Amino acid sequence: MADDPMTGVNVLLVADPGLPTARARSIEDELQQLLDEAFSPPITLDVQTAMLRLRPDDSLDLSDAIDLAGEYSSPDAVLLLTEIPRLNDGHPLIAEIFPEEQIAVISCPTLGAFTSKRRILDTLMACTLRLKPTSAPRDSSRFDRSWLHWAQSSDGTDHSTLRAHRVSGGARTILGMVAGNEPLKTAPRLSSALAAASATGAFGIFYNSIWVMSTYLSTPRLLGVGALAIVAMTAWLIMSNGLWDSPKRDNLARVVLLYNLSTVVTLLLCVLALYGALVLLILAGGMIVIAPEYMESVIDEAPVFARYLDVAWLSAAMGVVAGALGSSFDLRTNLRTLTHGQRERQRKYAENDS
């Protein structure tokens with residue numbers, strides 16, 4: 001470790017695969033610049049990707065980080081950016097500092113889904129300065145924020161935690177976990193559901209009873225039918241694939257709840273994307289296949305664009321319900337990795353301790 005402020009500082013940033021690594025790489029240059037401003041040269045910043053492990057008691061296993069630090073000439077500060085959601089007395093834990101090991105742990109989901117580079121940089125710099133990598137004092141208040149609270153340990157050590165508000169921080173953590181799932185990119189993995197939904201939804205183009213029903217249903221009722229279909233398919237995906245977890249330990253209950261809620265939101269977004277794509281496909285097909293004159297003779301109304309959209313919307317609702325059954329043929333492992341990359345790891349450690 002550096003004892004002289006003029007000997008420079010070596011910082012190692014280790015990020016989980018996926019979104020944490022993407023965020024770490026996106027702020028690498030800016031972080032290097034801030035470190036150059038805060039410490040005397042030479043300043044070295046290494047960014048690496050490694051899977052951070054979780055113990056059964058929901059604490060991070062720092063042994064791998066310590067071993068990794070040894071491979072990089074004993075860095076003066078090790079920053080761990082993990083996608084594991086962590087809690088402290090019910091509050092989302094954004095960061096935690098272990099001064100004896102010169103390690104700080106930053107939980108990526110607690111920073112939110114639409115985290116700006118500035119928020120990540122402020123958190124990383126605040127942790128680095130509090131680790132005191134040099135003997136010269138450094139003021140970290142520049143990177144503190146009024147809506148966040150650093151809490152010092154009561155045991156007289158320099159161990160400290162950065163916690164978010166229980167309610168707003170919890171919502172931000174769930175959204176951050178959903179962002180890590182990348183639902184819009186992974187939605188196509190529900191291939192069998194989309195195939196079944198498309199096949200069933202296409203019937204709405206050729207059966208004029210669907211046209212008549214869609215015409216006489218009010219807009220609020222059509223919207224309600226669509227919402228009910230989306231909720232039904234989401235519930236089916238969760239139940240049929242066993243995606244709702246029960247904690248094996250009482251102290252994991254709140255963490256597992258975060259995983260469950262992020263699963264629900266992720267699948268809702270996936271099904272919503274599928275529903276939107278289906279509406280557009282059926283709408284395009286209907287406008288090509290259904291002659292305006294024929295539609296007018298069936299529904300006794302002018303075949304305006306809204307009538308075609310009503311047909312597509314109702315047909316898509318039928319297709320999404322059928323798509324839920326088709327999704328049963330998807331590989332269970334694929335659907336599990338669709339929801340949250342670390343839910344399998346959380347489950348593994350919880351079960352191993354049972």
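**View 1. Helix H5 (residues 166-181) packs against helix H11 (residues 253-289) at an angle of about 55°, and their axes are 9 Å apart.** This is a predicted model, where local features need pLDDT of at least 70, side-chain atom pairs count only at pLDDT 80 or more, and totals for chains, interfaces and linings use all residues. Residues are numbered from 1 along each chain as its sequence is written, and side-chain values use heavy atoms, leaving out hydrogens and water. Helices here are DSSP runs (H or I, at least four residues), numbered from the N terminus. Axes are lines fitted to C-alpha atoms over the stretch in contact, with angles running from 0 to 180 degrees between N-to-C directions. H5 and H11 are therefore oblique to each other (under 35 degrees is roughly parallel, over 145 roughly antiparallel, 65 to 115 roughly perpendicular, and the rest oblique). Their crossing is right-handed (the near helix is turned clockwise from the far one by less than a right angle). On the H5 side, look for residues including Gly 170, Ile 174 and Met 177; the H11 residues they meet as a group include Leu 258, Val 265 and Leu 269. By class, this contact of H5 with H11 has 8 nonpolar, 5 polar and 2 charged residues (Ala, Val, Leu, Ile, Met, Phe, Trp, Tyr, Cys and Pro count as nonpolar, Asp, Glu, Lys and Arg as charged, and the others, Gly among them, as polar).

**View 2. Helix H9 (residues 208-216) meets helix H12 (residues 292-299) at about 65°, with 10 Å between their axes.** That makes H9 roughly perpendicular to H12. Here too the crossing is right-handed. Asn 208, Trp 211, Val 212 and Thr 215 come from H9, and they meet Tyr 294, Met 295, Val 298 and Ile 299 of H12. Sorted by class, the contact of H9 with H12 has 6 nonpolar, 2 polar and no charged residues.

**View 3. Helix H4 is largely enclosed by the rest of the structure, since 10 of its 14 residues are buried.** Buried means under 20% relative accessible area, using a 1.4 Å probe and protein chains only. Among those buried are Ile 120, Asp 122, Cys 127 and Leu 129. Just past the end of H4, Lys 132 has a positive phi of about 55°.

**View 4. Zoom in on Thr 128, a residue of helix H4.** Thr 128 is buried, at a relative accessible area of 0%. Setting aside neighbours within four places in sequence, Thr 128 is in contact (heavy atoms within 4.5 Å) with Val 11, Leu 35, Phe 39, Ala 77, Leu 79 and Pro 133.

Key: Helix = DSSP H or I, 4+ residues; strand = E, 2+ residues; numbered from the N terminus. Buried < 20%, exposed > 50% of the residue type's maximum accessible area, 1.4 Å probe, protein only.
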